[in-house]
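Open the model in your viewer and keep the selection panel at hand. The stops below say what to select and what to look for at each one.

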Amino acid sequence: MNLRDRTVATVVGLTAVSVVLRLVGLGGRVAHWDEGRVAYWVLEYGQTGVLFYRPIVHGPLLKLVNAPVVELLGATDFAVRLFPALVGGLLPLAALAFRHRLRDIAVVALATFLALDPTLLYYSRFMRNDILTAVFCFVAIAAVVRAIDFDDGRYLPVAAIALALGFGAKENALAYVFAFVGAGGLLGAHRLALAWYRGESPVSRAGQLFRWGYGGARRHALALAGAIAAFFATITYLYAPRGSIPSEDTYYASCSGYDPIVGIDGAPTLGEAIVNPLLLPRLVRMTVGSTAELYACQWITPRTDDPNPYIEFLTEMGAIAGEASGVLLAFAVLGATVTVYRPGLPDDLVAFAFYWGVASMVGYPFITDIGGASWLVVHIVLPLAIPAAVGVALLYDVGRSAWADEDAVSAAITVGLCLLLLSSMLWIGYTTSVAEPTDDDNPLVQYAQPSGELAGTLADTRSLADRNDGTDVLIVGDELTGTAGGDLDRRPACADWYGILPLPWYFEAGGIDADCAPDASALEDNLESEPPVVVVDEADADIVDERIDDRYDRRVHLMRTTDTPFVYYVDESGLD
């Protein structure tokens with residue numbers, strides 16, 4: 001990387017800005033429901049050393065990386081978000097991989113979108129797997145493009161490992177594979193249609209494409225074999241069970257009523273296979289096979305049995321993308337329209353990326369299982385950043401031509417439009433990630449995000465717990481108490497574990513001892529020990545209001561964006 005090259009230096013500078021934007025105030029937002037549960041399981045893995053694939057939790061990559069990060073930096077929101085932030089922050093460097101395909105101004109524009117787009121920014125500051133899968137799959141396709149363009153098979157193992165890391169983060173990496181195949185097919189069809197339009201034989205053109213592909217595969221057969229081996233080795237390392245293997249019923253819990261084909265009888269853990277390499281073939285077979293079975297049971301079969309409201313989800317996703325990433329989408333349409341449908345051959349990279357992005361917009365509302373899943377917009381805007389960058393380059397050309405023609409008015413209008421669009425993107429990024437990261441009006445905030453006001457109460461709870469002996473938090477009422485359920489040791493065991501998320505993460509991270517009082521009688525008994533914090537669903541708050549001491553400050557916080565109010569009674573006398 002030659003930093004004396006102005007384009008390279010600009011991209012590196014944008015990458016530095018990108019990383020800073022993702023790290024500043026990273027721990028300020030209260031954990032989303034999903035962040036809270038995964039962060040708790042990161043602590044669980046760090047404490048027990050036991051890890052096995054549970055598809056509802058998605059891939060193991062976040063837990064594998066975050067466990068040592070938490071051990072090093074401590075159990076904080078900043079620590080568990082650090083890995084996604086760094087991966088998303090370094091994404092602009094990927095623009096340089098396409099420099100041989102894009103003009104320098106488009107490369108810089110691409111890096112700018114990857115650094116500043118509000119959707120990519122927000123979900124790089126969020127501990128979910130989506131930004132990881134998106135970035136690694138983007139790197140995989142960049143490596144494939146370079147392998148093809150430079151006829152260099154050394155890029156293929158890089159692509160395979162990047163794709164495997166994408167699978168290790170989240171199962172929708174398979175959707176990327178389908179999108180890649182579909183976009184490639186559409187690009188081929190585009191070329192054949194143009195050949196027919198010009199009077200050439202589509203069959204002859206198809207034959208040329210086939211011979212070209214076959215010849216490349218023969219020349220790089222060894223690299224292809226290495227790439228396949230690297231992919232499965234990485235998948236095995238990521239998904240192999242660690243510590244111990246649970247019962248088959250627990251392992252295949254996502255496949256209720258299903259008779260496993262691969263099974264786990266006699267399967268080794270990763271540690272056992274490392275000690276005894278003779279067990280590696282069995283480990284690979286079990287890991288790859290059982291992972292495929294669990295993936296199919298959880299994420300493929302249910303979509304045929306329980307179809308979702310496609311039009312509703314498509315409309316929601318389109319509205320979120322338009323509101324949060326409208327600048328990028330507008331430039332993507334401009335870039336694609338001019339370069340993909342111009343006379344002559346299409347620009348292969350721009351066409352491929354545009355088809356990939358459109359396929360994602362059409363496909364994700366079908367495969368998602370919830371509405372308002374704003375994190376999925378990441379997978380739509382990322383490929384569209386390439387045609388958007390070309391759109392910026394086209395606008396730049398207009399301004400440069402106007403300046404060369406001494407048309408000061410047109411040049412000024414072009415510059416003003418660019419500044420307006422850039423400032424619009426920056427403003428949306430600021431409001432969504434900094435000013436209003438938990439507000440319901442924020443299009444990127446998903447329903448299970450607690451109110452930002454909860455942060456102060458959580459900080460007070462941790463301070464009180466540090467000074468208290470005995471129960472630190474009392475959870476009250478039948479709405480919030482029950483059982484954590486399952487064979488897994490989840491704390492607090494007396495609570496409706498999923499119903500009180502993300503509190504278990506904060507309790508575990510802060511060493512906060514929580515107990516439960518399901519009814520008024522149990523509440524009276526527990527209040528005698530004067531717990532510094534009492535939590536109750538607002539619907540059951542009357543039983544606490546009638547019995548709590550006046551020194552407790554009553555605070556109401558929404559645990560979801562628009563509803564689920566919990567009442568927190570905080571003994572502020574202990575904060576003096």
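Helices (H or I, at least four residues) and strands (E, at least two) are runs assigned by DSSP and numbered from the N terminus. This is a predicted model, in which local features need pLDDT of at least 70 and side-chain atom pairs count only at pLDDT 80 or more, while totals for chains, interfaces and linings use all residues. Residues are numbered from 1 along each chain as its sequence is written, and side-chain values use heavy atoms, with hydrogens and water left out.

**The whole chain**

Show the chain as a cartoon. There are 22 helices and five strands to find. The C-alpha atoms fill a box of roughly 90 × 70 × 45 Å along the principal axes. The radius of gyration, taken over C-alpha atoms, is compared with a globule rule of 2.2 Å times the number of residues to the power 0.38. For 576 residues a compact globule would have a value near 25 Å, and the 27 Å of this chain agrees with that.

Next, colour by accessibility. Buried means under 20% relative accessible area, exposed means over 50%, and partly exposed is in between (1.4 Å probe, protein chains only). By this rule 54% of the 576 residues count as buried.

Two heavy atoms within 4.5 Å make a contact. Among contacts with a separation of 6 or more, 73% are between residues 24 or more positions apart.

Now colour by charge. Lys and Arg count as positive and Asp and Glu as negative, while His and the chain ends are not counted. Each charge is placed at NZ of Lys, CZ of Arg, CG of Asp or CD of Glu. The chain has 37 positive and 67 negative side chains, and the centres of the two sets lie 17 Å apart.

**Stop 1: aspartate 34**

Select aspartate 34, in helix H2 (residues 33-48). Is aspartate 34 buried or exposed? Aspartate 34 is buried, with a relative accessible area of 9%. Leaving aside neighbours within four places in sequence, aspartate 34 is in contact with Arg128 and Trp375.

**Stop 2: histidine 58**

Move to the loop between H2 and helix H3 (61-73), where histidine 58 lies. Histidine 58 has a phi near 75°, a positive value in a residue other than glycine. Most residues other than glycine have a negative phi, and most peptide bonds are trans. Histidine 58 counts as buried, at 10% relative accessibility.

**Stop 3: phenylalanine 83**

Select phenylalanine 83 in helix H4 (residues 77-89). At 17% relative accessibility, phenylalanine 83 counts as buried. Which residues does phenylalanine 83 contact, leaving aside neighbours within four places in sequence? They are Leu61, Leu62, Val65, Asn66 and Leu132.

**Stop 4: aromatic rings**

Rings of Phe, Tyr and Trp (its six-membered ring) pair if their centres lie within 6.5 Å; planes under 30 degrees apart count as stacked, over 60 as edge-to-face and the rest as tilted. A search of the whole structure finds 24 aromatic pairs. One of them joins tyrosine 123 and phenylalanine 126, a tilted pair with 5.1 Å from centre to centre and 55° between the planes. Tyrosine 123 is buried at 2% relative accessible area, and phenylalanine 126 is buried at 1%.

Another tilted pair is tryptophan 427 with tyrosine 430, with ring centres 5.6 Å apart and planes at 35°. Both residues lie in helix H18 (residues 408-435), three residues apart, about one turn of the helix. Tryptophan 427 is exposed at 56% relative accessible area, whereas tyrosine 430 is partly exposed at 41%.

Then select Phe98, Phe138, Tyr176, Phe180, Phe352 and Trp356 together; they form one aromatic cluster.

**Stop 5: aspartate 151**

Aspartate 151 lies in the loop between helix H7 (130-149) and helix H8 (155-169). At 37% relative accessibility, aspartate 151 is partly exposed. Not counting residues up to four places away in sequence, aspartate 151 touches Arg146, Arg219 and His220.

**Stop 6: two cis bonds**

Go to the loop between strand E1 (473-476) and helix H20 (503-510), which holds proline 492. The peptide bond from arginine 491 to proline 492 is cis, with omega near 0°. Proline 502 is found in the loop between E1 and H20, and the bond from leucine 501 to proline 502 is cis, with omega near 10°.
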